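This briefing concerns the structure shown below. The points that follow are grouped by topic for reference alongside the coordinates.

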Amino acid sequence: MRYLTNLGYVVDVVAHSNGCTIGRIASEIYAMPVNTFVAINPALKKDLNPCASAKLVQVWHNDGDIAVELGKWLRWLTP
């Protein structure tokens, strides 16, 4: 992404579920240069910013997502 932004391109990222987590890691560790970051049903805690280095962040989710609801129980099922 840094290569593309150095060439003058604007980078926009759309991520879903665990891709939002990967985007957050890239943002925090590597200061990923992103213009807009759209997180769809992110697999993150609700109070975390999925991409602090982005100029604009949008989070899209629905409260009835079955995968997200089931994921909350995984911590009780795994060692």
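Across which strands does α2 lie, and at about what angle does α2 run to β1? In this predicted model, helix α2 lies across β1 and β2, and its direction is at about 135° to β1.

**Sheet**

- Three strands form an open sheet in the order β1-β2-β3, and their pairing is parallel.
- The edges are formed by β1 (12–16) and β3 (56–60), each of which pairs on one side only.
- On average, neighbouring strands of this sheet are turned by 10° against each other, with direction ignored.
- Strand β2 (residues 36–40) runs parallel to β1, and five bridges join the two.
- Within this pairing, Val14 is located opposite Val38 of β2.

**Nonpolar core**

- The largest nonpolar core comprises 11 residues, among them Val11, Val13, Ala15, Cys20, Ala26 and Met32.
- The list of core residues also includes Val34, Phe37, Ala39, Cys51 and Ala54.
- Two or more residues of this core are contributed by each of β1, α2 and β2.
- In soluble globular proteins, nonpolar side chains tend to be buried together.
- Apart from neighbours within four places in sequence, the core residue Ala54 is in contact with Val34, Asn35 and Phe37.

**Cysteines**

- Cys20 has a relative accessible area of 0% and is therefore buried, the cut-off being under 20%.
- Cys51 likewise counts as buried, because its relative accessibility is 0%.
- Both Cys20 and Cys51 are included in the largest nonpolar core.
- The structure contains zero disulfides.
- A disulfide would be a covalent bond between the sulfur atoms of two cysteines.

**Ser27**

- Ser27 is part of helix α2, which spans residues 18–30.
- Is Ser27 buried or exposed? Its relative accessibility is 6%, so Ser27 counts as buried.
- The Ser27 side chain reaches the backbone nitrogen of Ala52 at 3.1 Å.
- Which residues does Ser27 contact, leaving aside its neighbours within four places in sequence? The contacts of Ser27 are with Met32, Pro50, Cys51, Ala52 and Ser53.
- Of these contact partners of Ser27, Met32 and Cys51 are included in the largest nonpolar core.

Methods:
Residues are numbered from 1 along each chain as its sequence is written. This is a predicted model: local features need pLDDT of at least 70, side-chain atom pairs count only at pLDDT 80 or more; totals for chains, interfaces and linings use all residues. Side-chain values use heavy atoms; hydrogens and water are left out. Helices (H or I, at least four residues) and strands (E, at least two) are DSSP runs, numbered from the N terminus. Buried means under 20% relative accessible area, exposed over 50%, partly exposed in between (1.4 Å probe, protein chains only). A polar contact is a pair of N or O atoms within 3.5 Å; within protein, one must be able to donate a hydrogen and the other to accept it, and residues adjacent in sequence count only if both atoms are side-chain atoms. Contact means heavy atoms within 4.5 Å. Two strands pair if DSSP finds at least two bridges between them. Axes are lines fitted to C-alpha atoms, for helices over the stretch in contact, and angles run from 0 to 180 degrees between N-to-C directions. A disulfide is a pair of cysteine sulfur atoms within 2.5 Å. A nonpolar core is a set of buried Ala, Val, Leu, Ile, Met, Phe, Trp, Tyr and Cys residues joined through side-chain atoms within 4.5 Å.
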